[in-house]
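Hi everyone, thanks for making time.

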Amino acid sequence: MKTSEDFQAAAEEKRIYDAGIEEGAKKLTPEKIRSVFNELMQTEGGARLEAYTKACVHCGLCSDACHHYLSNDRDPRFSPAGKVKQTIIEIVSRKGKVDADFMKRACEIAFTECNLCRRCMIYCPFGIDVAYLMLFVRRACHQLGVVPQYIQDTAHSHAATYNQMWVRDDEWIDTLQWQEDEARDEIPDLRIPIEKEGADIFYSVIGPEPKFRAQLIYQMAVIMHAAGVDWTMPASQGWDNSDMCMYTGDSEMTARLKKIHFEAALRLKTKRIVMGECGHAFRSVYDVGNRLLGWKMPPLQMIHAISFYSEIIEQGRLKIAEKFDRPVTFHDPCNIVRGRGLHETARYVINQVCTTFIELEPNREHNYCCGAGGGVINCGPPFKNKRVQSNRVKADQLAAAKKKGAEVVIAPCHNCHGGLEDIIRHYELGLELKFLGDILYECIQKE
Amino acid sequence: MHEIYQLASGILVWVALIVFVGGTAGRLIRMAITARKKDAVIYQYFSFYYALRSILHWIIPFGSMSMRARPAMTLVAFIFHICLIITPIFLAAHVILIAESWGIGWAYLPNAVADIMTILVILGCLFFLLRRIVQRDVRYLSTPGDFVLLLVVAAPFVTGIWTYHQWSGFEIAGIVHMLSGELMLICLPFTRLFHMALFPFTRGYAGSEAGGVRRARDW
Amino acid sequence: MQQRESWDWTAGTREIGDFGAWRTTYGYMEEPHVSEDGEKIAAIVRAEEEAYTVCVNGRPWENTFDKVWYLRFTPDHRPVALVSDTAMWTVAIDGTSWQNWYEFVWNTRFANTASHVTIAAQKELRYFVVTDDTPWQNEFFSLNHLIVSPDGRNAAAVVQNTTFPEADIGKFQEGCFTVAVNGEAWPEQYVNAWELDFSGDGRHVAAEIRTSLYDYTIAVDGKTWKKRFPCVWAPRFHPADNSVTAPVKIPGGWSLARNEEIIWNRGYKQLWHHMYSPDGSHIAAVAAPEFGKWTIVEDDRAWQARFNEVVTDAVYSPDGNRIACLGKSNEKWYIAVDDRIWDVALDMAWQPVFSPDGSHVAAMAEKNGSYTIIIDGKPIGQEFTAAWQPVFSPDGTRILVKGVLPEDQGGKYCRQVLEVERVAS
């Protein structure tokens, strides 16, 4: 049996080079760490931090909830409480007297070994929110300037352009018009209404949609057209609902991003916001950014694409021409299932549109994380192998569904897509991955 | 010896009770004030309905997926915690002592039942000790304090049953029983034993957010 | 500039441009826009296969384009749109396009009362601003947050003046962004710069900036305030003395700072969108004195009224004595004036409009899918399928209401001049 020293040694061997972490750590001194951390404890380390760190009785019931733990041969360092032990508990009990090497390791744990998926929260008898604790560590990392390079770059993009992908204002509008042109070959009167004041729905997406997956905007436009929805998208900033600053610990930027997003919808006098199939963006808009700004709930009603699909199908506005006849399975994304209880809504849509539905086991609130969320995939290439290896359990779960006949995995979340795509390829699962919108687009009556 | 007995059965009982009650209340109040200052939002989202819904799922055996996944742990944990709290309160010897001292009394357990329950607590402690040694993740998480606490919890029960059955050296065991019982009460607000007092709040808040905001189950 | 005095203020209803008829002649038509004086209604239409134009009062522009978007009216009532031919873009005003074409144009800006038209433009991935067909001399790697001065002659934007390689987080944090005014960039560069404001005379610009990932402050004409804050929101110039104020985050919440000194005593959970009364003697802002409770704060005193969702579109009366805003509670919009909430729950509302002497307030609102105008808390009685912001006559006795009548009333676009006393009493 391995001792904890062995695990420590194994961790040393596997240390990954990340320029953001290494360069950031070079600028640290023990004094700086101590003063920044103590300041953070003073201002933000409140009752939740105390309750969560003190209520934990080290029982280990959270371990099996974590895909990192299950996928890394049950290495206890990957159990949720283990990650807490190695990071926040250590810093708090040493009152910030930790060194740069400690911060490097704490940063890697908080940013790449926890997806903030909150599955452990529903396995812990005390409901300890390990995601909150890991975010506290990330907040400290942000303030110390020790953040993985790629996700920090994404945070910079958010700050400079108010979107995740360095998309310039003109590129955004140009992409919408390009998709409109493309779609008009299929439906001549289709329109992507830009800056239509007073429309019912403000549709917002995440940065990667115009950058890499513009067809999703096309598909949504077709769905909107088919359902006769009065909708719009802004030509201004605020079109991107995503938020990696929420995951780098830059709360001030998170607040700013949510402000600009809500204000774009308010400026256009729309009645509600429909968000594309993204999970983390939903979390940032629904119960993170709004709170940072002083809004108890979003100032405008805000719904995820799944709820929107369900609504227009239920109202008979969207008609299914022919059901999707390949067997599908469904991956419940953490941020809209544990985060918003949309699991049954998603199943309603799937059953309306698909002939054969096979459940993943476990499912709904208990589904395993995709391994990409919480900003982990945004930490980029240095951590890709680790991320894929750290979610073998997801591969096993998908393989079991495939064995039952599933051919297509539906994941209504961009991060989940990124994560599952890598897993399907790496573990050679031979499953096809789709958004719910992909299937709807294929199956609906378009005119 | 007699002085120690006097001390343990007299003033220390009061000290222990005051520290236990005062410490628990004080710490909870302090946390409530800190929460107002630094986590004011939690008051906004706390919902008694959803808090209770969550708490109920977690105080009913096998009410959560987590508990169903680990039946042995669940069974032991429930029996242990129930016996841990019920036994000292409804033990005949304790009830009689209290009735004699303060003139208030309540129903008590048959001695045989109390014996069994005490043994269950001790076995529970052994189970948790074993878990801390054998199960890899729990061992990794365990701190020296966790082992000491198991000892603190087991001590009054071991010495209690010892004293009751008047096994050899029971006089000393009796004193140790009182002292260790008092120690446990004193430790409660200031050690990890405090998890008992925190449970309704952490679980309740998790349930409030899950039910009221996130519209999902947290069990 | 055409003055409001010269508009047609004759009481009564006048149908404009036979909208009821021409709206059906095009197979494809986008939502109409109306000039402020209500004399013109225009929409983007498809003239023929893959050719688009703008139809104004029933008459299409002579030119057609591959694409037309962002149709609006200038303050002097000329229809202006962004148009494209053979993949190049420019501005077309009254059907006539500018001489210069670009790879993309967007962000049409005009001053409230001036005829100048300003846009952001991109050519060969270089960014600049064009006012009245004249581009800036300098170009930048990127350009956002474009604003124009109150007279429309000056433009300012946040620009990227230094390029950095992809994912170079170090270089970014050294500061690569600044502000350019009429094409001239400030020498100082910042980690970020966001919202800008022009002084009333158009000679000064203030910017909301971040000098590191953690230090926020305000820069005025390239000079940075010495103090740093954990966060700031958009700055505003005093209309008379050109001092600059901004909401800043301080340990006790949000407060207001003037030239970096805190001038309000109370800390708010949130404080933003502050504005000066026209003479500069008062400052009002949207604020949340407590978490989740929104209101208006004037000179550090909060209204009693609270909204639990949002407060927007606050506006001072021309004399600076009154404030109106929109508020939303429990999924309904309300109009509030001087701490009184009008007793009409709405599905949507637009920024309230004051009469010149401040004695009347009107607002456009939507309820159950139809639009109306509410004056001093009372709906005018006529409903529309579309409507535009009402305008009071210069003497405040009449109000111009612009709307498209429901189908069963002919679906025509009308401009109505109503006697304020008659509808408001």
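Predicted model: local features only at pLDDT ≥ 70, side-chain atom pairs only at ≥ 80, totals over all residues.

Let's begin with chain A. It is built from 22 helices and eight strands. How compact is chain A for a protein of its length? Its radius of gyration is 22 Å, close to the 22 Å that the globule rule gives for 447 residues, so chain A is as compact as a globular protein of that length. Of the 447 residues in chain A, 65% are buried. And if you take the contacts in chain A between residues at least 6 apart in sequence, 82% of them join residues at least 24 apart.

Now to the place where chains A and B touch. Chain A brings 41 residues to this contact, and chain B brings 42 residues. Which elements of chain A give two or more residues to that side? They are α4, spanning 47-55, α6, spanning 80-93, and α15, spanning 280-293. The one that gives the most is α4(A), with seven residues. For those of you who think in side chains, the chain A side that touches chain B divides into 16 nonpolar, 11 polar and 14 charged residues.

Next, please find chain C. Here there is an open sheet of four strands, in the order β1-β41-β40-β39, with antiparallel pairing. The edges are β1 (12-15) and β39 (386-392) of chain C, and each of these pairs on one side only. From one strand to the next, the twist averages 15°. As a reminder, strands of a sheet pair through backbone hydrogen bonds, either parallel or antiparallel.

Strand β18(C), residues 192-198, is mostly covered, with six of its seven residues buried. Its antiparallel pairing with β19(C), residues 205-210, runs over five bridges. Within that pairing, L196(C) has A207(C) in β19(C) as its bridge partner. Six residues lie between β18(C) and β19(C) in this hairpin, and in the turn G202(C) has a positive phi of about 75°.

Key:
Residues numbered from 1 in each chain as written. Chains lettered and ligands numbered in written order. Contact = placed C-beta atoms within 7 Å. Nonpolar A, V, L, I, M, F, W, Y, C, P; charged D, E, K, R; others polar. Rg over C-alpha atoms; globule rule 2.2 N^0.38 Å. Buried ≥ 20, exposed ≤ 12 C-beta atoms within 10 Å, placed from the backbone. Pairing = 2+ DSSP bridges. Axes fitted to C-alpha atoms, helices over the stretch in contact; angles between N-to-C directions.
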